[in-house]
Amino acid sequence: MSQQQTLQLAKNSMKDNRKLLAALGSENTVKISHHPEEDIITKLLALLPKSDLGKAALVGVVAILAYEFLKSRE
């Protein structure tokens, strides 16, 4: 590749880069917000059992606790 071709290629690349940067600069900024309650939900879902047997056992424990709680209120 000759020096003239390399120079022309570099100029074209600079023009394309300038167009790209101008387009990026004209975009609106995006504000990222963090919601702590989403983190809590994600952590609780990670604690849930993955197997069907584990889910059934969890439902059983919750049912027993609810029964004992209602029984103690009477």
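Glu 68 is placed in helix α3, where helices (H or I, at least four residues) and strands (E, at least two) are DSSP runs numbered from the N terminus. The structure is a predicted model, in which local features need pLDDT of at least 70 and side-chain atom pairs count only at pLDDT 80 or more, whereas totals for chains, interfaces and linings use all residues. Residues are numbered from 1 along each chain as its sequence is written, and side-chain values use heavy atoms, with hydrogens and water left out.

With a relative accessible area of 42%, Glu 68 is partly exposed; buried denotes under 20% relative accessible area, exposed over 50%, and partly exposed the range in between (1.4 Å probe, protein chains only).

The protein contains three helices and zero strands, and its pattern along the sequence is α-α-α. The C-alpha trace spans about 90 × 30 × 10 Å along the principal axes. The radius of gyration of the protein is 31 Å, whereas a compact globule of 74 residues would have a value near 11 Å; the radius is taken over C-alpha atoms, and the globule rule is 2.2 Å times the number of residues to the power 0.38. Of the 74 residues, 1% count as buried. The protein exposes about 7400 Å², of which 65% is supplied by carbon and sulfur atoms; accessible areas come from the Shrake-Rupley method with a 1.4 Å probe, and for residues only the protein chains shown count as cover.

Helix α2 has twelve residues and reaches 17 Å from its first C-alpha to its last, close to the 16 Å expected at 1.5 Å a residue; the expected span is 1.5 Å times one less than the number of residues. The number of buried residues among the twelve of α2 is zero, so this helix lies largely in the open.

Lys 50 lies in the loop between α2 (36-47) and α3 (52-73) and counts as exposed because its relative accessibility is 65%. Residues up to four places away in sequence not being counted, Lys 50 touches Leu 45 and Lys 55, contact being defined by heavy atoms within 4.5 Å. The C-alpha atoms of Lys 50 and Asp 39, eleven residues apart along the chain, are separated by 19 Å.

Leu 45 also belongs to a nonpolar surface patch of about 440 Å², made together with Ile 41, Leu 48, Leu 58 and Val 62. Patches consist of residues with over 30% relative accessible area and no salt bridge, like charges being joined within 9 Å and nonpolar side chains (Val, Leu, Ile, Met, Phe, Trp, Tyr) within 5 Å; a salt bridge is a side-chain nitrogen of Lys or Arg within 4 Å of a carboxyl oxygen of Asp or Glu. Helices α2 and α3 each supply at least two residues of the nonpolar patch. Leu 58, found in helix α3, counts as partly exposed at 36% relative accessibility.
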